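Visitor: I'm new to this one. Can you walk me through it?

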Amino acid sequence: GKLTEENPFYPPPSTQEQIERLSGELKLGYYNPFKHILGINTAGLNQNVINVGRIRSGKSNLNLIAIEQLLALAKDFNIIIIDLKKEYRCLLPKHSNLNIITFKNLRFNPLEVPEGQDPKDHINNIAEVFCRENYILAFGKNMFIEKLEYLYRERGIFDGTKNYPTFLDLYNVINAQSGPGRLNDAKATMLSRLKAYVDYPTIFCTRSFDFTTWLQHHLVIELENIPN
């Protein structure tokens, strides 16, 4: 009881538990007095993982330890780091396979249809992600889809052209719409969410980096000093 009081994880895992459940190629540190090494499989990182702790408890240091190993282990996956505090520049001298994109040099248009995807599918995908992440209800989502379909038809996207609309174009089309109170409420919510992107027209522009950039390179994307 005294040992459990001092360490809520007492007793430490047995050797068999270590072999079965706590071993993997990504090493994160010792986990008991016998200096058994905690390791996890990289496949487990396909799930959501959260690293929590108070200020200066070592969260970023643990991330650095993990990322350094992942850069060496990566064979069939790539790593994209969203960096809000310029914490990961220190990795660049050690890893020639890591690239950095500063915020002012970022070029990304979520409304651009990825190579090989049907424009109709992309409209539904981007509407689902954008509205879910920005807490927009079904009525607003329908507006998003309707106006984006309009822009795609107007610009010939369904016929194969690459003249993609931007968030500014979508903002202007929605802003021009008028209707009853419920529509105006949804419109006001949508415009307030789009405004964050419209404020950075050089970044959320017509053409993104080549789509393979996100799939084939290890990247640090620095997004420091911007509103949430």
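Guide: Let's begin with a term. A salt bridge is a side-chain nitrogen of Lys or Arg within 4 Å of a carboxyl oxygen of Asp or Glu. Keep in mind that this is a predicted model.

Visitor: How many salt bridges does a search of the whole structure find?

Guide: The search finds 10 salt bridges. Side chains of opposite charge can pair when their charged atoms come close.

Visitor: Which residue forms a salt bridge with Arg-207?

Guide: Glu-112 does. The closest N and O atoms are 3.3 Å apart. Arg-207 sits in the loop between helix 7 and helix 8 (212-216), and Glu-112 in the loop between strand 4 and helix 4, so the pair ties together parts that are 95 residues apart in sequence.

Visitor: Is Glu-112 buried or exposed?

Guide: Glu-112 is buried, because its relative accessible area is 14% and the cut-off for buried is under 20%. Arg-207 is partly exposed, at 43%.

Visitor: What about Arg-155, what does that pair with?

Guide: Arg-155 forms a salt bridge with Asp-169, with 3.1 Å between the closest N and O atoms. Arg-155 is in the loop between helix 5 and helix 6, while Asp-169 is in helix 6, 14 residues apart. Arg-155 is partly exposed, with a relative accessible area of 21%.

Visitor: Which residues do shared partners join into one network?

Guide: Glu-128, Arg-132, Glu-133 and Lys-141 are joined that way by salt bridges. Within that group, the side chains of Arg-132 and Glu-133 meet at 3.7 Å, N to O. Arg-132 is partly exposed, at 46% relative accessible area. Glu-133 counts as exposed, at 52%.

Visitor: New topic. How many disulfides are there?

Guide: The search of the whole structure finds 0 disulfides. As for cysteines, Cys-131 is buried, with a relative accessible area of 2%. Cys-90 is partly exposed, at 43%.

Visitor: Now the helices. How far apart are the end C-alpha atoms of helix 7?

Guide: They are 25 Å apart. Helix 7 covers residues 181-198, which is 18 residues. At 1.5 Å a residue, helix 7 should span 26 Å, so the two values agree.

Visitor: And which residues of helix 7 are buried?

Guide: Leu-183, Ala-186, Lys-187, Met-190, Leu-191, Leu-194 and Val-198. The buried residues of helix 7 pack against helix 4 (119-133), helix 5 (138-154) and helix 6 (167-175).

Visitor: Why would residues three or four places apart point the same way?

Guide: An α-helix has 3.6 residues a turn, so residues at that spacing point the same way.

Visitor: What about helix 5, how far apart are its end C-alpha atoms?

Guide: The ends of helix 5 are 24 Å apart. Gly-156 follows helix 5, and its phi is positive, near 75°.

Visitor: At what angle do helix 5 and helix 7 cross?

Guide: The axes cross at roughly 75° and come within 9 Å. That makes helix 5 roughly perpendicular to helix 7.

Visitor: Which residues meet there?

Guide: From helix 5, Phe-139, Gly-140, Met-143 and Phe-144. They meet Arg-182, Leu-183, Ala-186, Lys-187 and Met-190 in helix 7.

Visitor: One more. Where is Ile-50?

Guide: Ile-50 is in the loop between strand 2 (37-40) and helix 3 (59-73). Ile-50 is exposed, at 71% relative accessible area. The C-alpha atoms of Ile-50 and Asp-210 are separated by 30 Å, and the two residues are 160 residues apart along the chain.

Definitions and conventions
Residues are numbered from 1 along each chain as its sequence is written. This is a predicted model: local features need pLDDT of at least 70, side-chain atom pairs count only at pLDDT 80 or more; totals for chains, interfaces and linings use all residues. Side-chain values use heavy atoms; hydrogens and water are left out. Helices (H or I, at least four residues) and strands (E, at least two) are DSSP runs, numbered from the N terminus. The expected span of a helix is 1.5 Å times one less than its number of residues. Buried means under 20% relative accessible area, exposed over 50%, partly exposed in between (1.4 Å probe, protein chains only). Contact means heavy atoms within 4.5 Å. A disulfide is a pair of cysteine sulfur atoms within 2.5 Å. Axes are lines fitted to C-alpha atoms, for helices over the stretch in contact, and angles run from 0 to 180 degrees between N-to-C directions. Angles under 35 degrees count as roughly parallel, over 145 as roughly antiparallel, 65 to 115 as roughly perpendicular and the rest as oblique.
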